[in-house]
Amino acid sequence: MEKIQRFINVLFLTCVLMPVTLFIFPSALAIADGAKGASYLYEFGGPTHWLTVSSDVGNKSGFIEATFKGNTGITIHWLSMLHSFFMILVAVYLVIFIIKRVRLDRTRKQHR
């Protein structure tokens, strides 16, 4: 039961960290030349850039500005999002495993 609860906690923490990656990691900028003019593409969402926001105006600095101030479209790359989710899940699980291991070693040294 403890292992299931630990996995649920890691899963919850991963679900919380997924939207946070939109704000932490800087956006990648790409310019697409269309028939009506240039379109600026901002890619957000951690290491795999799973969210693309297109805009007619350049120089958008962050996720809030690019998303809520005059975008022309938003695309979610589902496979990249799933890949990013599993990368964060594994990273969180490893961090928690290392913390538990260090805590266990410290308690063993105190009991000697």
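**View 1. F23, F44 and F63 are linked into a cluster by ring pairs.** The model is predicted, so that local features need pLDDT of at least 70 and side-chain atom pairs count only at pLDDT 80 or more, while totals for chains, interfaces and linings use all residues. Residues are numbered from 1 along each chain as its sequence is written, and side-chain values use heavy atoms, with hydrogens and water left out. The structure holds 3 aromatic pairs, where rings of Phe, Tyr and Trp (its six-membered ring) pair if their centres lie within 6.5 Å, and planes under 30 degrees apart count as stacked, over 60 as edge-to-face and the rest as tilted.

**View 2. The rings of F23 and F63 form an edge-to-face pair.** Their centres are 5.3 Å apart and their planes stand at 90°. The pair links distant parts of the chain, 40 residues apart, with F23 in helix α1 (residues 2–24) and F63 in helix α2 (residues 63–68); helices (H or I, at least four residues) and strands (E, at least two) are DSSP runs, numbered from the N terminus. F23 is exposed, with a relative accessible area of 53%, whereas F63 is buried, at 12% (buried means under 20% relative accessible area, exposed over 50%, partly exposed in between, with a 1.4 Å probe and protein chains only).

**View 3. F44 and F63 form an edge-to-face aromatic pair.** The distance is 5.3 Å centre to centre, with 80° between the planes. F44 lies in strand β2 (residues 38–44) and F63 in helix α2, so the pair ties together parts that are 19 residues apart in sequence. Both F44 and F63 are buried.

**View 4. H49 has a positive phi although it is not a glycine.** The phi of H49 is about 50°, and H49 is found in the loop between β2 and β3 (51–55). H49 is partly exposed, with a relative accessible area of 23%.
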